[in-house]
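Here is a short briefing to read alongside the model. Have the viewer open and follow the points in turn.

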Amino acid sequence: MTLSAEFDQGAFVRALLDPDLPAPDGLEARHGFAPERRFAVYRNNVCVGLIDALAERFPVCRQLVGDEFFRAMAHCYMREFLPRTPMLFEYGDGFATFVASFEPARELPYLPDVARLEYAIGQAYHAEDAAPAPIDVIRAIPPDQLADATAALHPSTHVISSKYPIVSIWRRHMSDEGLAPLELDHGEEALVVRPQLAVSVAALPTGGSAFVHALEDGRTFTQAVAAASGVAADFDLRGCLQELLLAEAFTAIRVSR
Amino acid sequence: MDTRSVPEQTRACAASALPASAGVGFKNVHFSDIEASAPDVGFFEVHAENYMGAGGPPHAQLMQLRRDYPLSIHGVGLSIGGAGRLDRDHLRRVKSVVDRYAPAAFSEHLAWSTQGVSFLNDLLPLPYNAATLAHVVAHMDEIQEALGRPILLENPATYLRFQSSDYSEIEFLREVVRRTGCRLLLDVTNAFVSATNLGFSADDYIDAFPMLDVKEIHLAGYAEDVDEVGDPLLIDAHCAPVQEGVWRLYDRALARRGPVATLIEWDNDIPPWPLLSEQATRAERFLKKDRLPLKTTPDRVRS
């Protein structure tokens, strides 16, 4: 085995990711001409493929900043963060954090939280299947028993709390409704669940995500209400339960006897 | 030198139970069309990596397709041509998809896509020499042993040549087949694209291809460009109908091979279902053309 037979894959990748570098040594085009243009096909495939994957993953972010801006931002992201597995549906887990520190996007302070919401939607889409608990069974639980009960939430459940109205922003861009001006002076807490095959997105009352996190940690409903009240003194338990039931976010309620 | 390490029973399994008819690469946007029209398609093929989530619509749809049609699973992430160690976590994920769906065939590429822990999402080229052959053979052995079946290895679309290549692509593929007992997936578009880009005869490539080992054919549309000296540069873009030159080459391949499972791949700028289905119908006409039968070697008596 000669030394020339060894293939320096690392040099190939460095040149792929840095358009300022020449094509790696040892390549030739047809008839021995310079391989730059041919090598550029691989460069382009890698860039466009990953940028497209992010564009598909974050459609509302893309609408919010426009296609050109989004692709430039996604390009910066992919040059710094390549996928860690061949499962492209996991790609972009750090995109929201990246967007938060991306100087040119500072004018849209809600963009990182919208990215978080869109990533959660993708996670919910691929999450484990589970049958939601029938709503009438849950409704039939007497309030005094519910107080000490714990809950199992659907494996697709995600909550994202934001200083901005991310659910309203997301909805407005997912539907074809006219783009009425949106007040940015309040926050929203998003609930993402996929009880059957469709992912649903709802807004929980303030404190709702603390409530859900507490339930996910195995706390009782009473303890979860306390956690939520720490966030919002006037936590709307009734409204929160209503949204969770409508979204079919519970797979079981465990009443202690 | 015989470096076989795969157990006899693995080698004896059939590499493909796909019917000798035309299939289509499944896209979830077509699911409702397929559900509504129950089209007469020979098989569907999916990318393994899209079915590695725990649940949700991808699995619900694939379960239903698998009930109604033969299934081929095509991997894009094992990085068989990579210089490093095979990603065992990924191999486990592939195995779990293959075990779950028991497809009629599993195929992967003579290419690499991972460097260290980074996935580059493209099928990248490798030189063909003794060192890379040893890597590819070791990776194929490991994969086939894990999956408990022979797999199909696909010829890549290439844009340039390595000075360190000592084998032709066909010599390299033959050697991998001889040493690992794998079979081949002949991508006719890739052959056409590589021949144009590297300036060799696509006809000669098809005539020299180890046709007895071909268990599946891929057809796709390429994109056209030119390089800096004005030479044609074809890109394997899976974004268009299959071009006439590729159909002609396909016909030439079938004349040597006889009818074999043929997939229409269309992954970008995905067309409406009827247009995709029409491509499969056209492939079916080539498959049904009267030709002299070719005697193929049964899988289990190969030596």
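Helix H6 (residues 111-126) and helix H9 (residues 166-174) of chain A pack at an angle of about 70°, their axes 10 Å apart; helices here are DSSP runs of H or I with at least four residues, strands are runs of E with at least two, and both are numbered from the N terminus. Axes are lines fitted to C-alpha atoms, for helices over the stretch in contact, with angles from 0 to 180 degrees between N-to-C directions. H6(A) and H9(A) are therefore roughly perpendicular (65 to 115 degrees).

This is a predicted model, in which local features need pLDDT of at least 70 and side-chain atom pairs count only at 80 or more, while totals for chains, interfaces and linings use all residues. Residues are numbered from 1 along each chain as its sequence is written, and chains are lettered from A and ligands numbered from 1 in the order written.

- H6(A) contributes Asp113(A), Val114(A) and Leu117(A), and H9(A) contributes Ile166(A), Ile169(A) and Trp170(A); contact means C-beta atoms, placed from the backbone, within 7 Å.

**Domains of chain A**
- An automatic or database assignment gives domain 1 (9-108) and domain 2 (110-257).
- Their C-alpha centres lie 34 Å apart.
- In domain 1 of chain A, 15 residues are in contact with 13 residues of domain 2 of chain A.
- On the domain 1 side, helix H3 (59-65) and helix H5 (95-100) of chain A each supply at least two residues.

**A hairpin in chain B**
- Strands E11 (residues 223-226) and E12 (residues 232-235) of chain B run antiparallel, joined by four bridges; pairing takes at least two DSSP bridges.
- Val226(B) sits opposite Pro232(B).
- Five residues lie between the strands, and Gly230(B) has a positive phi near 90°.

Terms used. Contact = placed C-beta atoms within 7 Å. Parallel < 35°, antiparallel > 145°, perpendicular 65-115°, else oblique.
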